[in-house]
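Here is a short report on helix packing in one model. Look at the structure first, then read on.

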Amino acid sequence: MRALVALGCLVLGAAVGLGSVVLHRYGWGLGLGIAATVATLVALPGGWWRRLPFALGWTAILGVATVQRPEGDYVIASDASGYLLLATGAVVLGTGFVGLVARRTTADAPEDAEG
């Protein structure tokens, strides 16, 4: 069951990443792509089977889009929206890995030396 969830999150990440790459040239498209990405990352709980596959799918599409095309140009332009999309990819990948770290709860925290 976990593998199926991971595959679904990977495909979802690739779909959201593809939409973000295709529409990043338009201001509304870049905003929508970033908003959809952030909303999904917040909604997915961290872990190997949910947030990380989403982040890997998203950045895989971004990685494919950064390869030079046969005509000599790139899908992602070297302008402000292109750089913002690439920075978003770095944040998405980092968020996927940060989600693997377990959170400390107050019950796990060491007690005060004073009390």
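## Helix α4

This is a predicted model. Helix α4 spans residues 80-98, 19 residues in total. From its first C-alpha to its last it reaches 26 Å. That is close to the 27 Å expected at 1.5 Å a residue.

Seven positions of α4 are listed by name as buried: Ser 81, Gly 82, Leu 85, Thr 88, Gly 89, Val 92 and Gly 96. Seen down the axis of α4, these buried residues fall within an arc of 115°, so they line one face of the helix. An α-helix has 3.6 residues a turn, so residues three or four places apart point the same way.

The buried residues of α4 pack against α1 (2-23), α2 (27-43) and α3 (51-65). On the other side of α4, the exposed residues are Ala 80, Tyr 83, Ala 90, Val 91 and Val 98.

## The α3 and α4 pair

The axes of α3 and α4 come within 8 Å and cross at roughly 155°. That makes α3 roughly antiparallel to α4. The crossing is left-handed.

Residues on the α3 side of the contact include Leu 52, Leu 56, Trp 58 and Leu 62. On the α4 side they include Leu 85, Gly 89, Val 92 and Phe 97.

## Gly 13 in α1

Gly 13 sits in helix α1. Gly 13 is buried, with a relative accessible area of 0%. Leaving out residues up to four places away in sequence, Gly 13 touches Phe 54, Gly 57 and Trp 58.

How values were computed: Residues numbered from 1 in each chain as written. Predicted model: local features only at pLDDT ≥ 70, side-chain atom pairs only at ≥ 80, totals over all residues. Heavy atoms only, no water. Helix = DSSP H or I, 4+ residues; strand = E, 2+ residues; numbered from the N terminus. Expected span 1.5 Å × (residues − 1). Buried < 20%, exposed > 50% of the residue type's maximum accessible area, 1.4 Å probe, protein only. Arc of directions from axis to C-beta. Contact = heavy atoms within 4.5 Å. Axes fitted to C-alpha atoms, helices over the stretch in contact; angles between N-to-C directions. Parallel < 35°, antiparallel > 145°, perpendicular 65-115°, else oblique. Left-handed = near helix turned anticlockwise from the far one by under 90°.
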